[in-house]
Amino acid sequence: MNKSDCLCRVCSSTISDIFDFGNMPIANNLMPVINDTYTKNEYKYNMKIGVCINCSSLQIVNVPEKELMFNNQYAYFASQSEFMKSHFEKLGNKVMQLMDKEKDYILEIGSNDGIFLKYFADKQYKHLGVDASENVVETAKKNGVNALCSFFDEETSIEINNKYGKAKIIVITNTMHHIENCQEVAKGINNILAEDGTLIIEDPYLLDMYKIGSIEQVYAEHNFIWSLHSYKTLFEKHSIKLFDVEHFDTHGGSMRYYFSKQNLNKTSTMQEYINLELNNKIFDINTFIKFQENCINISKELYNFVVSKSKEGKIIAGYGATAKSATTLNYSNIDKNLISCIYDSTPFKIGKYTPGTHIEIKDAKLFTKDSPDYTILFAWNHKKEIIEKEKNNKSKTIWVEYIPKLKLTYEN
Ligand SMILES: [Zn+2]
């Protein structure tokens, strides 16, 4: 275990390198065509992750330029998942109860296509969304959501404060772990959160990632995997205190964190998770070494399976061209020579090719007709939704799951 030259972006301690993935593409950079020029010019960087044993945060050591990741080609439109829509609706109802409709407003950082703020827009609540990707901001505006295209930092927070004043609620879902300069964001939040306001953050959770042994939460856009301890360390420096948490199964295990500038009583759930993190030894480097070994085994198992079925002449496809799967495919060396295509229902992705591994993305409507012998479930966090849909379509395949270990499900 080498000490990295890099300092922890949360607490400035030296971080320990735990994983070198080699050359990786940007997970969301789907390729429009495959030819020599595109292949030669495909951007790759040496992806390494490290862990800070002082504050227990997992982070990418060398992050590519953020403009390469969040631009007008950003491929994730949150509204396309029915499950996520219902998840956000519940949060919306909860948040509305904390707001005075006449005077308060809600700010969402990383508002994507407006999936969450649309509930507020429809009910005439004051709201503002900030997102760095033009194409998703345009979609949000078309949905009637008030949105601004910008990276959220201290400067943006001053502009917003001048125009809208302090926010009663700040929501950041599945975004904070994308942001490299977390100190800037915390400073900005400190500027703009009302004294009696609530900050709500939701992110993939470190302990879940550790438990399922998945490296998939780590790709260039995911700069951090957070824990209660690491978030506490970050925000306490900026006088913002964690007082409650809620755990969900979304995105392979997520935690929702509640913060305030006031000294509110800490809930028993929060204490429970603080203890759980300590019991799981998140300040011990051996925990992360074990995690690394587990990830390597999963990757080898999947590669060996695909190679052996390919030699038997079987057709192997994938389901869900997710950003997460880019890590597995590239790290496991599973490319277009081993996998026929990946089915997906997102119009933006159909007809393009996966980054680095150049596998064609086909319309999920073709899945029933094609009926591949084996289908690797890359969108494993939407397993129930997908398998049920394809069962109703009478699709025939053998589903292959690989996390936490290889498992086959026969649907004939
Ligand atoms: Zn740290």
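Here are some notes on the fold, a few helix contacts and a handful of single residues.

1. **Before you start.** What you have is a predicted model, where local features need pLDDT of at least 70, side-chain atom pairs count only at pLDDT 80 or more, and totals for chains, interfaces and linings use all residues. Residues are numbered from 1 along each chain as its sequence is written.

2. **The whole chain.** Have a look at the overall picture. The protein chain has 13 helices and 18 strands; helices (H or I, at least four residues) and strands (E, at least two) are DSSP runs, numbered from the N terminus. Its C-alpha atoms fill a box of roughly 65 × 50 × 45 Å along the principal axes.

3. Of the 412 residues, 45% count as buried. A residue is buried if 20 or more other C-beta atoms lie within 10 Å of its own, exposed if 12 or fewer, and partly exposed in between, with C-beta atoms placed from the backbone. Among contacts in the chain with a separation of 6 or more, 68% come from residues 24 or more positions apart. Two residues are in contact if their C-beta atoms, placed from the backbone, lie within 7 Å.

4. **Helix H11.** Is H11 (323–332) enclosed or open? Ten of its ten residues are buried, so H11 is largely enclosed by the rest of the structure. Among these buried residues are Lys324, Leu329, Asn330 and Tyr331. The cover over them includes strand E2 (14–25), helix H10 (285–311) and E13. Just after H11, asparagine 333 takes a positive phi of about 60 degrees.

5. **H10 against H11.** These two helices pack at an angle of about 70 degrees, with their axes 9 Å apart. Axes are lines fitted to C-alpha atoms, for helices over the stretch in contact, and angles run from 0 to 180 degrees between N-to-C directions. H10 and H11 are therefore roughly perpendicular to each other; angles under 35 degrees count as roughly parallel, over 145 as roughly antiparallel, 65 to 115 as roughly perpendicular and the rest as oblique. Ser299, Leu302 and Tyr303 in H10 meet Thr328, Tyr331 and Ser332 in H11. By class, the contact has three nonpolar, three polar and no charged residues. Here Ala, Val, Leu, Ile, Met, Phe, Trp, Tyr, Cys and Pro count as nonpolar, Asp, Glu, Lys and Arg as charged, and the others, Gly among them, as polar.

6. **H5 against H6.** Now try helix H5 (residues 154–164) and helix H6 (residues 182–192), which pack at an angle of about 15 degrees with axes 8 Å apart. They are therefore roughly parallel to each other. Residues making the contact include Ile158 and Ile160 of H5, and Lys187 and Ile192 of H6. Its residues divide into three nonpolar, five polar and three charged.

7. **Threonine 322.** This residue sits in the loop between strand E13 (316–319) and H11. It has 26 C-beta neighbours inside 10 Å, so threonine 322 counts as buried. Which residues does threonine 322 contact, leaving aside neighbours within four places in sequence? They are Phe378 and Ala379. Glutamate 216 is 106 residues away in sequence, but its C-alpha is 9.8 Å from that of threonine 322.

8. **A cis peptide bond.** The bond from isoleucine 403 to proline 404 is cis, with omega near 0 degrees. Isoleucine 403 is in the loop between strand E17 (397–401) and strand E18 (407–411), and proline 404 lies in that loop too. With 20 C-beta neighbours inside 10 Å, isoleucine 403 counts as buried. Leaving aside neighbours within four places in sequence, isoleucine 403 is in contact with Ile212, Ser214, Ile298 and Trp380.

9. **Two positive phi values.** Asparagine 112 has phi near 50 degrees and is found in the loop between strand E5 (105–109) and helix H3 (117–122). It counts as buried, with 26 C-beta neighbours inside 10 Å. Serine 371 has a positive phi of about 35 degrees although it is not a glycine. With 16 other C-beta atoms within 10 Å, serine 371 is partly exposed.
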